[in-house]
Amino acid sequence: MKNLKYLVLGVLFGLILTKSEVISWWRIQEMFRFQSFHLYGIIGSAILVGMLSLQLIKRNHVKSLNGETITLADKKYNHGTWIGGIIFGLGWALTGACPGPLFAQLGSGVASAAVLILAALAGTWTYSALREKLPH
Amino acid sequence: MLDFLRQPWPWYVAGPLIGLTVPALLLIGNKALGISSSLRHVCAACVPAGIPFLTYNWRAELWNLFFVLGIAVGGFFGYQVLGHPDTIAISPETVRDLQAQMGLTDFTGLLPKELFALENLANWKGWVFLVLGGFLVGFGTRYAGGCTSGHAISGLSNLQWVSLVAVIGFFIGGLLMTWVFYPLLF
């Protein structure tokens with residue numbers, strides 16, 4: 001089962017999000033009100049560690065377990081990058097959860113997460129349907 | 001050790017571990033960290049409805065759905081099995097502001113029950129926080145091409161200026177909601 005390793009890594013990722021309380025609406029409010037360093041510390045140190053790891057991988061031309069040369073596609077800009085970014089930000093402050101934490105909340109037993117995930121799926125579907133009509 | 005695991009983890013433990021997820025996914029399968037894509041894959045699998053953006057081989061992206069399923073399992077272990085505090089120890093200023101500005105009184109749990117209880121779907125609060133909030137998350141992340149994991153963690157780690165634009169957008173939206181729209185709603 002080649003996807004099992006992603007399940008295992010997902011469990012660890014969900015565990016970290018949960019134990020560091022990133023999945024809490026309270027913590028997100030604290031962040032947007034600049035009243036705690038907690039989430040800024042988490043996001044900042046995650047980026048720093050990610051950046052250093054990627055530099056090591058690129059400079060040493062490390063291959064993945066399946067023998068492929070590791071590549072990360074460049075992200076392409078369009079106007080959706082900032083328009084969509086702001087729309088997501090509005091939702092992030094309302095729900096107090098970005099997509100990863102929504103799934104961790106669901107697992108932790110919060111009933112509202114099920115409604116939020118369904119609403120998020122509806123949002124993604126609506127974007128997909130309207131995509132050609134939206135500015136990009 | 002178990003006692004340590006049970007406590008809330010400090011930022012300097014959680015942050016670097018989250019950062020290591022980026023190389024871990026690349027090393028085990030050359031995959032880029034990104035979670036909001038899973039929402040698109042579920043739409044493509046369940047309700048493609050002939051929409052071009054939802055017509056692709058989502059089965060090739062199954063790994064992403066396994067990863068997301070794992071996150072839910074991790075949430076169960078982290079919260080229900082390892083245990084959790086009744087009340088999250090947020091800053092006293094935040095507590096004071098939320099009491100004064102939003103009239104919240106119950107600070108137990110992961111999120112305010114006064115806003116997120118399912119019974120709230122009978123009034124405007126539930127529709128704004130549960131339905132509109134979730135909708136904006138799903139719509140905005142796909143429009144922006146990523147969320148906190150794909151843009152903020154993975155994208156910024158890979159020095160993508162596009163991701164910086166997206167993350168600035170995330171914060172503009174979040175600050176607008178917190179500082180401008182919340183005071184209008186309450």
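## Model and overall fold

This is a predicted model. Chain B is built from nine helices and has zero strands. Read from the N terminus, the order of its elements is α-α-α-α-α-α-α-α-α.

Of the 186 residues in chain B, 46% are buried. Take the contacts in chain B with a separation of 6 or more: 48% of them join residues 24 or more positions apart.

## Annotated transmembrane regions

An unreviewed UniProt entry annotates "transmembrane region" on chain B at residues 12-30, 62-82, 124-141 and 161-182.

How do two of these spans look in the model? Residues 12-30 of chain B are 95% helix and 0% strand, and their end C-alpha atoms lie 26 Å apart. Residues 62-82 of chain B are also 95% helix and 0% strand. Here the end C-alpha atoms are 29 Å apart.

## Contact between chains A and B

Chain A gives 100 residues to the contact, and chain B gives 105 residues. On chain A, six helices each supply at least two residues of the side that touches chain B: α1 (4-19), α2 (25-32), α3 (38-59), α4 (80-95), α5 (99-108) and α6 (111-130).

The composition of that side of chain A is 53 nonpolar, 36 polar and eleven charged residues.

Conventions:
Residues numbered from 1 in each chain as written. Chains lettered and ligands numbered in written order. Predicted model: local features only at pLDDT ≥ 70, side-chain atom pairs only at ≥ 80, totals over all residues. Contact = placed C-beta atoms within 7 Å. Helix = DSSP H or I, 4+ residues; strand = E, 2+ residues; numbered from the N terminus. Nonpolar A, V, L, I, M, F, W, Y, C, P; charged D, E, K, R; others polar. UniProt positions renumbered as here; feature names shortened; annotations may be inferred. Buried ≥ 20, exposed ≤ 12 C-beta atoms within 10 Å, placed from the backbone.
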